[in-house]
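Please examine the sequence and the three-dimensional structure shown below. The paragraphs that follow lead through the chains, their contact and a few individual residues.

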Amino acid sequence: MDTSLIVPGVIFGLSIGSIYFLMAIGLSLCFGLMRIISLDQLLYYSVGAYITYSVNLHTGSFWLGVLAAVAAGAAVSLAIERIVFRRIYERDLTFSMITSFGVLLGGVGIIKFFWGLVPRPVPVPISEQMSIFGTEIPIYRLIVILVAIAVYIAIWLFLNRTIIGKAIRAGIENVEHVEGLGINVARLFTITFLIAGTLSALAGALHAPLIMVDPHMGLEVLAFVFMVVIIGGLGSIKGTLISSIIVGQVVSLGSLIYAPLAQMAPFAIMLLILLVKPTGLFGSVLLKR
Amino acid sequence: MRKAFDWWWGIALAFSLLAAMRAFLPLPFVNEILIFSIYAIGCSFLLGRVGFISFGQPAYLAIGAYGTAFYLFYFGTNPYIGILAGLASGFIAALIVGPLFVRLRSDYFALVNLALAVIVFFLMQKVLAPITKGDNGLWFLTNMTSTPVLDITRPSQFFVFAFIVGLAIWAFYKYLDDTLFGACCLATKINEDKLQFLGYSNFSIRLAAFVIANTTTALAGSLYAVYIGAVSPEITSPARAADPVVVILLGGAGTLYGPIVGSIAYTGMKDVISKLIGNWEMIIGPLLVIIMLAGEKGIWGTLEPWLKTLLFRNKSVVPQKNSSIEGN
C-alpha cells in the first residue's frame, strides 16, 4: 500500500476515534464516579446530531447548530439526571444499565415522533481540502480531531487543576471520604453527568456531517463506543483516549484491507484484550460499591 | 402423588392458561407468546439465578434462527432437523464464546454481550451477505416439507409443538432449580467467594448456566425461523436488544413464571400500541424506566405472594419449597 492510501486512512481513523473518544469519555466518567452505565449517552448523541441538522437547515450555520446541540444535550441530560438518575445512583450497576436503556429507547421513540424515520443529510461545513504528504485531506476531519484534542486537554485541566475536578477524581477513588470532607456529592454527580451528556451531544453534532442522521444512529455507534470503553477499561480517561485511537485506526485501516473487516476487527481485538486482562487496558480492579 | 402434584401445579396452571388463550385469541398472537416466553426464560435464568444481565440475547436468537435457516434453505427440507440444527449451532456458539465471557464481571459481561449482538447483526447483514442474502433475508417457507405426525409447517400444529416444547423447557428449568446445580448458580450470584470455599468452581458453574440459557435462546430462534418461514438480520437488530430484558422485568426477574406473564403482557402491549400509534419505543422506553423505579418486581413478582395466600389459605402448612427461592 502506498502513502496516498495510508495517510487519509490514518486521518480518517483519527477523526472516527475522536468521535468515539468524545462519547466514551462521558460513559467512562459516569462509571468511574457514579458507578452507573449510562446507555442514554447515545440518546444525547442522536439529539445533538438532530439539533445540528435542524438549526443548520433553518439558519444555514453549522457552527451555530453545534452550539445549539451542545446546549440541548446539556439541557436534556440535566433533566434526565434530575428525573431518573437521581433515584438510582444507590442501586446496582445493571439496574442503571436497564433503566438508561429505557431512557434511550423512549428518546429514540420521541426522535422518531418529531423528525420521522427518514435519514437526514447534514452538509459538510468546510469543503476545502488540505494537502498533507501529497494527498488531499478534508479540513473538516482535521477540525474534528483538533476539537477532540482540545476536549482532552480541557478535561485533563479540569480534573487536575480545579477543586471540583479534584473532588471528582477523589470521588472515583472513594466517594464516602469525599462526602465526609463536606463536599456536596449530589452536585458532583450532576456536574459529571452534565459533562458526559454535553460531550456526547458534541460528538453527535460533529459526527452529523460525516454520516446520515437517522433515529437509530445511536444504536449504530453503540457497539464501537462500548468497545472503546471496554478496551480502555471503565473509569479510566487515559485508557479511553488510547483505546479510541486503537479502535479508530482498526476501523479505518481495516476497511482499507478488506471492507467487512472494519466492523469485525475491533471486536476481535476486544476479545483478545479481555482474554488477557478482563478489566481492559487501564481498568481499575475496583469492584462494585 | 401429592408431591408430584405440588411440583407440577404451577406449570400445569400456567400452561393450561396458555392453552385456554388458544381458544380465545388469534393463533399468531399465542404462537408469538409461546416463542417469546421460551426466548425470555434463558435471559431470566441468567439474570435471576446467575446474576448476569445479558443485553446480547438477540445474538443467540439469531444464531439459532440462522442455523435453522441455513439448513432449510441450502441443505434439507425437514423442519425438525432444521430445529435441531439451530439448537446445535446455538450450543456450539455458546460453548465458544462462553469461556471468554463468563470470566468477566457482570458489568463487562453486559457490555460485551451487547457488542456481540451488534456484531452478529453486522455479520448477517453485510459480511456474510452472499450467504444470508443481507437485508432481504432467507425465505424458505416453501422449502419445508410437511412432517407425518405433527406437521409444524402449519400454524395450528406448530402451536401444539411449541406448546410441548415450552412445557418441557419449563419442567426442565423447574427441575434445575431443585438440583444442586441450581443452588450453586444462585450461590455464584449471591456470594462467589463462599462458593469457592465450598469447593465449587465458579467458572464451570457459570459456563454451564451460560450454555444452558443460550441454547434455550437459540431454540427459541429456530422455532421462530420455522414458524415465520424466513429469517432476516432484523431479529438481531440492536434496537431489539432490550426485548427479553423488558419482558423478564415486566414479568418479574428470576421467577419461574415471570417470562410467561411478561411475554403475554409485552406481546399484547406491543400489538395494541403498534396498532394505535406505530411508534412502540415511545411507550416501551418510559415503561421500562417506570418498572425499574417502581421496584423491579414486575407483574408476576407482585402477583405471586398474593396468589399464594389466595390459593393456600387453608393449607398454609404446606411448605412451598420451590417457589421460595427468590433471586432478589
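What percentage of the 289 residues of chain A count as buried? In this predicted model, 52% of the residues of chain A count as buried. The secondary structure of chain A consists of 11 helices and 4 strands. For 289 residues the globule rule gives 19 Å, and the radius of gyration of chain A is 19 Å, so chain A is as compact as a globular protein of that length. The C-alpha trace of chain A extends over about 60 × 45 × 35 Å along its principal axes. When contacts in chain A between residues at least 6 apart in sequence are considered, 77% of them join residues at least 24 apart.

Of the 328 residues in chain B, 49% are buried. Among the contacts in chain B with a separation of 6 or more, 78% are between residues 24 or more positions apart.

Chain A can next be divided into domains. The domain assignment places domain 1 at residues 30-215 and domain 2 at residues 219-289 of chain A. Taken over C-alpha atoms, the centres of domain 1 and domain 2 of chain A are separated by 19 Å. Each side of the contact is made up of 9 residues, 9 from domain 1 of chain A and 9 from domain 2 of chain A. On the domain 1 side, at least two residues each are supplied by helix 1, helix 2 (41-59) and helix 5 (139-161) of chain A. The residues on the side of domain 1 of chain A that touches domain 2 of chain A comprise 7 nonpolar, 1 polar and 1 charged.

The contact between the two chains comes next. It brings together 37 residues of chain A and 32 residues of chain B. On the side of chain B that touches chain A, the elements giving two or more residues are helix 5 (106-127), helix 11 (243-251) and helix 13 (281-293) of chain B. Helix 5 of chain B gives the most to this side, with 13 residues. By residue class, the side of chain B that touches chain A holds 25 nonpolar, 3 polar and 4 charged residues.

Which residues touch the most other members of the largest nonpolar core? In this core of 199 residues, they are A:Val225, A:Met227, B:Ala115 and B:Leu288. Helix 1 (residues 3-34) of chain A gives the most to this core, with 17 residues. Domain 1 (30-215) and domain 2 (219-289) of chain A each provide at least three residues of this core. The surroundings of B:Ala115 can be followed residue by residue: apart from its neighbours within four places in sequence, B:Ala115 is in contact with A:Ala223, A:Phe226, A:Met227, A:Phe267 and A:Met270.

A:Arg35 lies in the loop between helix 1 and helix 2 of chain A. A:Arg35 is classed as buried because 22 other C-beta atoms lie within 10 Å, the cut-off being 20 or more. The phi of A:Arg35 is near 60°, a positive value in a residue other than glycine. Most residues other than glycine have a negative phi.

A:Ile237 belongs to helix 10 (residues 237-257) of chain A. With 21 other C-beta atoms within 10 Å, A:Ile237 is buried. Not counting residues up to four places away in sequence, A:Ile237 touches A:Ile25, A:Ser28 and A:Ile155. A:Ile237 and A:Tyr152 are 85 residues apart along the chain, and their C-alpha atoms are separated by 8.8 Å.

At 1.5 Å a residue, the 19 residues of helix 12 of chain B should span 27 Å, which agrees with the 26 Å between its end C-alpha atoms. Buried residues in helix 12 of chain B include B:Gly258, B:Pro259, B:Ile260 and B:Tyr266.

Is B:Thr302 buried or partly exposed? B:Thr302, located in helix 14 (residues 298-311) of chain B, is partly exposed, with 13 other C-beta atoms within 10 Å. The C-alpha atoms of B:Thr302 and B:Arg105, 197 residues apart along the chain, are 30 Å from each other.

Key: Residues are numbered from 1 along each chain as its sequence is written. Chains are lettered from A and ligands numbered from 1 in the order in which they are written. This is a predicted model: local features need pLDDT of at least 70, side-chain atom pairs count only at pLDDT 80 or more; totals for chains, interfaces and linings use all residues. The radius of gyration is taken over C-alpha atoms; the globule rule is 2.2 Å times the number of residues to the power 0.38. A residue is buried if 20 or more other C-beta atoms lie within 10 Å of its own, exposed if 12 or fewer, and partly exposed in between; C-beta atoms are placed from the backbone. Two residues are in contact if their C-beta atoms, placed from the backbone, lie within 7 Å. Ala, Val, Leu, Ile, Met, Phe, Trp, Tyr, Cys and Pro count as nonpolar, Asp, Glu, Lys and Arg as charged, and the others, Gly among them, as polar. A nonpolar core is a set of buried Ala, Val, Leu, Ile, Met, Phe, Trp, Tyr and Cys residues joined through C-beta atoms within 7 Å. Domain bounds come from an automatic or database domain assignment. The expected span of a helix is 1.5 Å times one less than its number of residues.
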